[in-house]
Amino acid sequence: MRPHKSTTFQVTIKTGDKKNAGTDANVFITLFGTQDDTGMALLKSSKTNSNPFERDSIDVFTVEALDLGDLWRVRIGHDNSGKAPGWFVEWVEVDAPSLGKCMTFPCGLWLDKNEEDGAIVRDLFHEELQTRLYTPFVPYEITIYTSDVFAAGTNANVFIVIYGCDGLCTEQRNLCTNKREQKMFFERKSASRFIMELEDVGEVIEKIRIGHDNTGINPGWHCSYVEIRRLLPDKDGTETVTFACDRWLATSEDDKKTIRELVPFDIFTEKYMADGSLRQIYKEVEEPLDIVLYSVQIFTGNVPGAGTDAKVYITIYGDLGDTGERYLGKSENRTNKFERGTADTFIIEAADLGVIYKIKLRHDNTKWFADWYVEKVDIWNDTNEDEFLFLCGRWLSLKKEDGRLERLFYEKEYTGDRSSNCSSPADFWEIALSSKMDGVDIASVTGPMANYVQEGRVIPYYVSVTTSKHQDAATDSRAFIILIGEDDEVSNRIWLDYPRGKKGFSCGSVEEFYVGGLDVGEIKKIELGHDGASPESCWLVEELSLAVPTLGTKYTLRCNCWLAKDRGDGVTSRVFDLLDATVVNIGVKELYEMTVWTGDVVGGGTDSNIFMTLYGINGSTEEMKLDKKKARFEREQNDTFLMEILDIAPFTKMRIRIDGLGSRPEWFLERILLKNMNTGDLTMFYYGDWLSQRKGKKTLVCEMCAVINGEEMMEYTSYTVSVKTSDILGAGTDANVFITIFGENGDSGTLALKQSANWNKFERNNTDTFNFPDMLSLGHLCKLRVWHDSKGIFPGWHLSYVNVKDIARDEIFSFQCDCWLSKTEGDGQTVRDFACANNEIHDELEETTYEIVIETGNGGETRENVWLILEGRKNRSKEFFVKNSSRQRAFRKGTTDTFEFDSVYLGDLAAICVGHLARYDWFIPKRELLWHVKTITITEMEYGNVYFFNCDTLIPLKRKKKYFKVFEVTKTTESFASKVQSLVPVKYEVIVTTGYEPGAGTDANVFVTIFGSNGDTGKRELKRKMRNLFERGSTDHFFLETLDLGELRKVRVEHDSSGYYSGWLVDKVEVTNTSSGVATIFSCGRWLDKKRGDGLTWRDLFPSV
């Protein structure tokens, strides 16, 4: 008889968290498929609770059935018996492993004759969004034969793992589901048979691992052999694979191991032929895996407290499989194992693992001295003498480093993929966005990664969702977004999932997600929804934000709407038009793949926080923190991850800083590589030394010159800084003084003025000299920032001037100061910016010349005329008319044409108008003539500022000038000469408005940093004498003097969380340039509070577009 296709359903039922929600009645269920139904099945024996269907409980049952087809309906009910038969059902989940489908049937209703409609039987239908698909399981018939020797049987919990080729395996599964079965099976001279649905390991079973947990009265077990029977791929028969054992699995017998790995020795096949006969074939397995003894030598570090008394476990991974977790019980060479400065050897028997590349170490944190420092692990294959070395140098401790008891280590020479470290959706999205997916067939991706890949160009998005404070606003549903772009291009459904299994949105919470999705161009609409289908899964969304780094745009929508079936308009998803959103410009960023090499030196890895600042021809980035994520930046390791970096390339230098915190505060940095994900351009940065206060150069900061195509982008020099303190009463200071030097090649970073020829620095009328050798040249200097930390008995300081000498250029740059840096003198500021006195400030231009370079694409050339008008911040140009003729042809396909245009000075260019005009009014073409404008580049010749317009548009030919196209500037490169003209002192008025909600005011110290096109102010404290600032509903005014920042782009407002009431609700910040009268408003409306919203105490605010 041919085998029937049967299905095992795991039914999970959630009883609601309501008063009297549980039931004492007899519960039944019927599953309906497209081909059949199960009939009424009583749910008696719950796998999770002895007393099922109690309030707020989850019960799991198994239902067996023949093939039902596709499941589409569930009938749940009870017989209304017992003292309290009423029952509130939250949901029913039906998991069919053989189908690879887990379906949720929402309910959220009473099954009670005295509640709602009085029904005690309900038909439930599955919610499509909550259906989870995975690789279907297949049935295995596992028969285990216990030997006929004394005390061969066991009461322990026996488990099994089945392995196919290339390490593909099932999960470890217990063969018995309860203690009653443990007592029934595995008796002496018995055959114990189990039918289990497990992952499909492919056509060939390479090995199995069988073992037990050593529990029960008689845990020792002598296993004779194991048979595994399964269906053939074409379902026309079965094959039975036999695994010989004939050994003890006991801590008191044989080698005292409770785990064995077995390899097959014969295969028995039964197959139905076309004539209905049964053909039986017996064959021996050819070239099975060898059973190998591995010598594992573990070196405990020679540091105080390094040894451990805890139980230690190891898992070894190779390209042919893994050992499973093994307890390291008996050391071959020592009685007291894992002591400080010792090496312990253990023997592990396993099927051949092939090339070993990874191990996992953990301990159970038991006993008094559980902390453990592992120096290294050396593994020998005793058969072929292959050696695999793992450099560890880490603590396994809840008290040290990052508090972890389990760690992954990779083999010293391993350079392959480490994506198995993924534990959160953000990790998987990073892989989906990386170059690892280049050329990968999307259809071939399996496992968890399959949920994160999609066809087309994928880009990163940042999503923030604010849930209302309404008492019913929260939901435990799974949320998603769908992006709708130009030409109705639509992304896949992008799920907003948390790491580590966290679920739902609580009242008043602000949840942020890093996701990837299809690049739909300019986003027009966004759909927000969730998968909750029951009345209980309502959600009140207050605000939705979407940031698109590759476009430099952030959209914020004030939603204030219900996503619920029984609230509002009854929908669980809603489409929002981004025309209703507040839009801010956050700066266009390019996607880069960053690879960091840590050196092969003892202690080369670090636990410190690492920060990076990049400099390029077109500006610099802010300081960015590199995400450590588990095992990054370890000894002799290269780590590759994604970074979003402002479009400032080509790069000139990189600054790396570590904070020197953590149990390993030092780091040996070898080199760093940046790869542009769009263009493929590579930039290398070399260092090869320590970042440490004790080793190497004894510094926590380094600067590396960019190397592009083998050429260094910067030169080296030394600087001598001379500081003159004024000759007035109280001019000297005891505070620590710092400077930052700015030039055409970026800035120097923070330089502490420590070593002076004078024993007592910064005394009245003294000049102090400081040397800074071997620095990357800043080129021509333009600005100096000076500040002190206000420490010491007399911190106030009156500074006369600062001279900076560039040794390589043999040039001195002077900075005239003549002002106080004091909280009690002058205007109370301790941070000052000074312009270089060497730079000549010119009067504002009245007229200038513009060079216009027009690139014609391959989409269409023109013989007709073209006209342009330039739109600037200060003025608008007259019409620039380009006549085309047969003698002087312009605008041919794939060519570039250059023109010069005299005009009044327009200021920074913002846009251009481009028209395509017929040479003759009477000319009427038979078909539409299109001119393909690819790019336009305009250079202002006096200062050298360059403006890029990425047009890539077809412009139709018209007979009148009223038809034209407008293009906004895509990118601007400001020349150093232009920047110098802006460096004049300006006073800014900063107006801070505190919100009106209860508790909105703060007692903390507040700081602000203002960012503009010409730089930033540095971090400034907002204080006023004898004033109680930042109270609820108040507006506070401050004045900051600095060099002109140009167009204001961002304000960062923050506080230090000090004071009794530190939480603060910022309504808005307004910054006014008192010289020009231009005011810029930065709206906020968010809490800066560790206990509210997203818990941040700082905000970056942008002006609305």
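These are some notes on the predicted model above, taken one feature at a time.

1. Ground rules. The model is predicted, so local features need pLDDT of at least 70 and side-chain atom pairs count only at pLDDT 80 or more, while totals for chains, interfaces and linings use all residues. Residues are numbered from 1 along each chain as its sequence is written, and side-chain values use heavy atoms, with hydrogens and water left out.

2. The sheet around E48 and E54. Strands here are DSSP runs of at least two residues, labelled E and numbered from the N terminus; two of them pair if DSSP finds at least two bridges between them. On that basis, four strands make an open sheet, ordered E52-E48-E54-E55, with antiparallel pairing. E52 (767-776) and E55 (811-821) are the edge strands; each has a single partner strand, so one side of each has no neighbour in the sheet. From one strand to the next the twist averages 15 degrees (axes are lines fitted to C-alpha atoms, and angles run from 0 to 180 degrees between N-to-C directions). Inside the sheet, E48 (residues 716-725) and E54 (residues 797-806) pair antiparallel over 7 bridges, and Thr-720 has Lys-805 in E54 as its bridge partner.

3. The sheet around E29. This open sheet has 5 strands, in the order E32-E29-E34-E35-E37, and the pairing is again antiparallel. At the edges stand E32 (510-518) and E37 (582-585), each with a single partner strand, so one side of each is left open within the sheet. The average twist is 25 degrees from one strand to the next. E29 (residues 458-467) pairs with E32 in the antiparallel sense over 9 bridges; Val-465 is found opposite Glu-511 in E32.

4. E58 and its partners. Which way do E58 and E61 pair, and over how many bridges? E58 pairs with E61 (residues 909-917) in the antiparallel sense, over 8 bridges, with Gly-872 opposite Leu-909 in E61. E58 also pairs antiparallel with E59 (residues 880-882), over 3 bridges, and there Phe-880 in E59 is the bridge partner of Leu-868. E58 itself (residues 865-872) is mostly covered, with 7 of its 8 residues buried (buried means under 20% relative accessible area, exposed over 50%, partly exposed in between, with a 1.4 Å probe and protein chains only).

5. Salt bridges in general. Side chains of opposite charge can pair when their charged atoms come close. Taking a salt bridge as a side-chain nitrogen of Lys or Arg within 4 Å of a carboxyl oxygen of Asp or Glu, the count is 67. One of them joins Asp-254 to Arg-260, with the closest N and O atoms 3.5 Å apart. Asp-254 is partly exposed at 43% relative accessibility, whereas Arg-260 is buried at 2%.

6. Arg-664 and Asp-607. These two side chains meet in a salt bridge at 2.9 Å, N to O. The pair links distant parts of the chain, 57 residues apart: Arg-664 is in the loop between E43 (651-658) and E44 (667-676), and Asp-607 is in the loop between E38 (589-598) and E39 (610-616). Both residues are buried.

7. Glu-666 and Arg-694. Here the salt bridge is 2.8 Å, N to O. Glu-666 sits in the loop between E43 and E44, Arg-694 in the loop between E45 (682-691) and E46 (701-708), so the pair ties together parts 28 residues apart in sequence. Buried or exposed, for Glu-666? Glu-666 is buried, at 11% relative accessible area, and Arg-694 is exposed at 59%. Salt bridges that share partners also join Arg-394, Glu-401, Arg-407, Asp-607, Lys-628, Glu-634 and Arg-664 into one network.

8. Gly-307. This glycine lies in the loop between E20 (291-300) and E21 (312-318) and counts as buried at 18% relative accessibility. Its C-alpha atom is 6.9 Å from that of Asp-371, although Gly-307 and Asp-371 are 64 residues apart along the chain.
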